[in-house]
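Please keep the sequence and the model at hand.

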Amino acid sequence: MKDRYWSGTLYLFLNNPKLNRYLTIQYFNLEEGTIQAAALKKLAKPWAESEKFMLNLALHMYNEQHKVNLSDMDHLDFNNKQLVFEALRLRFG
């Protein structure tokens, strides 16, 4: 978790119960440094807006080609907002 691109992403996947379910070799190859982002986004289509935001933010932290709208943080509860703030600190701090 010393790599700034991975630190925020992994922090969110490790600490958010919904994302944690998908921190598997099906979607992540840590040796190659890859994430199956398209597969995760497809999987997330029926998720709640707050869950989609957490996924989109995690993917954005890994690679900014994955866009995220920070205004969608309005959908988050207090605990998830705290996770987001810590993940942002890890990635950008």
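Is Glu32 buried or exposed? The model is a predicted one, and in it Glu32 sits in the loop that runs between strand S1 (28-29) and strand S2 (34-35). Its relative accessibility is 61%, so Glu32 counts as exposed, the cut-off for that class being over 50%. In sequence Glu32 and Lys52 are 20 residues apart, while in space their C-alpha atoms are 25 Å apart.

Two residues of another loop can be taken next. Asp72 belongs to the loop between H4 and H5. With 29% relative accessibility, Asp72 counts as partly exposed. Along the chain 22 residues separate Asp72 from Ser50, and the distance between their C-alpha atoms is 7.6 Å. His66 is also placed in the loop between H4 and H5. Here the relative accessibility is 12%, and His66 therefore counts as buried, since the limit for that class is under 20%. Leaving aside residues up to four places away in sequence, His66 touches Ala37, Lys41, Leu59 and His60.

Helix H1 covers residues 4-15 and helix H4 covers residues 49-62; their axes come within 7 Å and cross at roughly 160 degrees. Because angles over 145 degrees count as roughly antiparallel, H1 and H4 are roughly antiparallel to each other. Their crossing is left-handed. On the H1 side the contact is made by Tyr5, Trp6, Gly8, Thr9, Leu12 and Phe13, and on the H4 side by Met54, Leu55, Leu57, Ala58, Met61 and Tyr62. Sorted by class, this contact of H1 with H4 holds ten nonpolar and two polar residues, with no charged ones.

H1 also packs against H5. The axes of H1 and H5 are 7 Å apart, at an angle of about 160 degrees. H1 and H5 are therefore roughly antiparallel to each other, and the crossing of this pair is right-handed. From H1, Arg4, Tyr5, Ser7, Gly8, Tyr11, Leu12 and Asn15 meet Leu83, Val84, Glu86, Ala87, Leu90 and Arg91 of H5. The contact of H1 with H5 has seven nonpolar residues, three polar and three charged.

The remaining pair is H4 and H5. Their axes come within 11 Å and cross at roughly 5 degrees. Angles under 35 degrees count as roughly parallel, so H4 and H5 are roughly parallel to each other. Phe53, Met54, Leu57 and Met61 in H4 meet a set of H5 residues: Asn80, Leu83, Val84, Ala87, Leu88 and Arg91. The residues of the contact of H4 with H5 comprise eight nonpolar, one polar and one charged.

The largest nonpolar core has 27 residues, and the members that touch the most others are Leu12, Leu19, Leu40, Met54 and Leu55. Two or more residues of this core come from each of H1, helix H3 (37-43), H4 and helix H5 (78-92). H4 gives the largest share, eight residues. Met54 of H4, already named in the contacts with H1 and with H5, touches Leu12, Asn16, Leu19, Leu76, Asn80, Leu83 and Val84, residues up to four places away in sequence not being counted.

Notes: Residues numbered from 1 in each chain as written. Predicted model: local features only at pLDDT ≥ 70, side-chain atom pairs only at ≥ 80, totals over all residues. Heavy atoms only, no water. Axes fitted to C-alpha atoms, helices over the stretch in contact; angles between N-to-C directions. Helix = DSSP H or I, 4+ residues; strand = E, 2+ residues; numbered from the N terminus. Parallel < 35°, antiparallel > 145°, perpendicular 65-115°, else oblique. Left-handed = near helix turned anticlockwise from the far one by under 90°. Contact = heavy atoms within 4.5 Å. Nonpolar A, V, L, I, M, F, W, Y, C, P; charged D, E, K, R; others polar. Core = buried A, V, L, I, M, F, W, Y, C linked by side-chain atoms within 4.5 Å. Buried < 20%, exposed > 50% of the residue type's maximum accessible area, 1.4 Å probe, protein only.
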